[in-house]
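Please look over the chain shown below, and keep it in view while reading the briefing that follows.

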Amino acid sequence: MEEVNKWVKQFQRAFNKNDHQAETKAINRPITEEDFCTYFKNKDESTESSPSGRHVGHYKAILANNNLVSLIMAMLNNGLSAGVALEWWKQTLSIM
């Protein structure tokens, strides 16, 4: 439960728009589901994509489920529209 509470607090801080107005102005285009799917369809499945050890194969598996793709896109684009990245996203570099 402690880990969940920590995650919720980070999530709330990350989306406090008043703290990130300048960053918000720099972001102008959401990533589409098509962008996401195209990127992961073309990546080598064994590539690690985060410090957690999840590899691209996990994301390739998500491509078969439109609801999961939509969820990932909502999380990603909410962060982009607010001009912030969640803390665990700052530990890796992904170029789409």
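In this predicted model, Met1 counts as exposed because its relative accessibility is 75%, where exposed means over 50% relative accessible area, buried means under 20% and partly exposed means in between, with a 1.4 Å probe and protein chains only. Met1 is found in the segment before helix H1 (2–14), and helices here are DSSP runs of H or I with at least four residues, while strands are runs of E with at least two, numbered from the N terminus. Residues are numbered from 1 along each chain as its sequence is written. The model is predicted, so local features need pLDDT of at least 70 and side-chain atom pairs count only at pLDDT 80 or more, whereas totals for chains, interfaces and linings use all residues, and side-chain values use heavy atoms, with hydrogens and water left out.

**The surface**

- Met1 belongs to a nonpolar patch on the surface together with Val4, Trp7, Val8 and Phe11, and these residues have about 490 Å² of accessible area together.
- Such a patch is made of residues with over 30% relative accessible area and no salt bridge, joining nonpolar side chains (Val, Leu, Ile, Met, Phe, Trp, Tyr) within 5 Å and like charges within 9 Å; a salt bridge is a side-chain nitrogen of Lys or Arg within 4 Å of a carboxyl oxygen of Asp or Glu.
- The chain exposes about 7,100 Å², of which carbon and sulfur atoms supply 52%, and accessible areas come from the Shrake-Rupley method with a 1.4 Å probe, with only the protein chains shown counting as cover for residues.

**The overall fold**

- Buried residues make up 25% of the 96 residues in the chain.
- Among contacts with a separation of 6 or more, 59% are between residues 24 or more positions apart, a contact being heavy atoms within 4.5 Å.

- In helix H3 (residues 33–41), the residues Phe36, Cys37 and Phe40 are buried, and because they cover an arc of only 95 degrees around the axis, they are on the same side of H3.
- That arc is taken from the directions from the helix axis to the C-beta atoms.
- An α-helix has 3.6 residues a turn, so residues three or four places apart point the same way.
- The buried residues of H3 pack against helix H4 (56–62) and H5.
- Phe40 has a relative accessible area of 6%, and Phe40 and His58, 18 residues apart in sequence, are 9.7 Å apart in space, C-alpha to C-alpha.

**Two asparagines in helix H5**

- Asn77 has its place in helix H5 (residues 66–82) and is buried, because its relative accessible area is 15%.
- Leaving aside residues up to four places away in sequence, Asn77 touches Pro30 and Ile31, and a polar atom of the Asn77 side chain lies 2.7 Å from the backbone oxygen of Ile31.
- Asn78 is also placed in helix H5, but Asn78 is partly exposed, with a relative accessible area of 42%.
- Asn78 and Phe15 are 63 residues apart in sequence, and their C-alpha atoms are 8.2 Å apart in space.

Note on methods:
Polar contact = N/O pair within 3.5 Å; in protein donor to acceptor, adjacent residues only side chain to side chain.
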